[in-house]
Amino acid sequence: MNLTRRRLFAALAGGSSLPLLVGTDGVSRVGAGHTASIDTSDDNSYLSLDGAALREPIAESEATITIDSQLEEVTVTTLNASAFEFDPTPPISLEEPVSVEVTLTDGQTGVVTDTVTIELEGPNVRAVVERPLHVEEDTVVDS
């Protein structure tokens with residue numbers, strides 16, 4: 001077999017790439033530890049809200065929302081809307097569903113609509129849901 005310049009260069013090129021290929025099997029996977037996070041606006045997945053005020057305006061005296069979660073060991077850390085106040089205030093444990101009374105903030109009249117943000121957190125999980133809430137101010141009728 002004649003050693004031509006072309007064969008010599010091919011042999012050198014093939015031989016020089018072999019250590020590179022062999023050298024890459026030392027590390028098969030590189031990663032960094034992190035905390036899992038779930039953000040969702042789908043209230044049926046991890047966080048469910050119920051109450052007539054989520055569907056239509058109801059009187060302030062009847063305005064409640066019920067918060068429930070399919071996740072274990074979670075706590076409501078945020079329950080917020082600029083037009084409403086809530087009782088109780090976070091943190092709220094969700095070991096069982098919790099019903100929260102909704103009242104209007106000062107100076108509101110008529111039907112008030114605002115977006116309610118509820119955020120819950122637990123071990124290695126965080127879920128957030130936003131829903132419109134509609135409440136009608138109670139009217140006092142003089143007799």
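Residues are numbered from 1 along the chain as its sequence is written, and side-chain values use heavy atoms, with hydrogens and water left out. Because the model is predicted, local features need pLDDT of at least 70 and side-chain atom pairs count only at pLDDT 80 or more, whereas totals for chains, interfaces and linings use all residues.

**Overall fold**

The chain holds one helix and nine strands, where helices (H or I, at least four residues) and strands (E, at least two) are DSSP runs numbered from the N terminus. Their order along the sequence is α-β-β-β-β-β-β-β-β-β. Of the 143 residues, 29% are buried (under 20% relative accessible area, with exposed over 50% and partly exposed in between; 1.4 Å probe, protein chains only). Among contacts (heavy atoms within 4.5 Å) between residues at least 6 apart in sequence, 60% join residues at least 24 apart.

**The nonpolar core**

In soluble globular proteins, nonpolar side chains tend to be buried together. A nonpolar core is here a set of buried Ala, Val, Leu, Ile, Met, Phe, Trp, Tyr and Cys residues joined through side-chain atoms within 4.5 Å. The largest such core has 31 residues, and those with the most contacts inside it are I65, I67, L79, F84, F86, I118 and L133. Strands β1, β3, β4, β5, β7, β8 and β9 each supply at least two of its residues, and the largest share, five residues, comes from β9. Leaving aside neighbours within four places in sequence, F84 touches residues including V102, L104, V116 and D114.

**The buried aspartate D114**

D114 lies in strand β8 (residues 111-122). This residue is buried yet has no salt bridge; the nearest side chain of opposite charge, R131, is 13 Å away. A salt bridge requires a side-chain nitrogen of Lys or Arg within 4 Å of a carboxyl oxygen of Asp or Glu. For charge, Lys and Arg count as positive and Asp and Glu as negative, while His and the chain ends are not counted. The side chain of D114 does reach the backbone nitrogen of A83, at 2.7 Å.

**Backbone features**

| Residues | Feature | Value |
|---|---|---|
| D87 to P88 | cis peptide bond | omega near 5° |
| P90 and P91 | cis peptide bond | omega about 5° |
| N124 | positive phi, not glycine | phi near 60° |

P88 is found in the loop between β5 and β6, and P91 is placed in the loop between β5 and β6 as well. N124 is in the loop between β8 and β9.

Methods:
A polar contact is a pair of N or O atoms within 3.5 Å; within protein, one must be able to donate a hydrogen and the other to accept it, and residues adjacent in sequence count only if both atoms are side-chain atoms.
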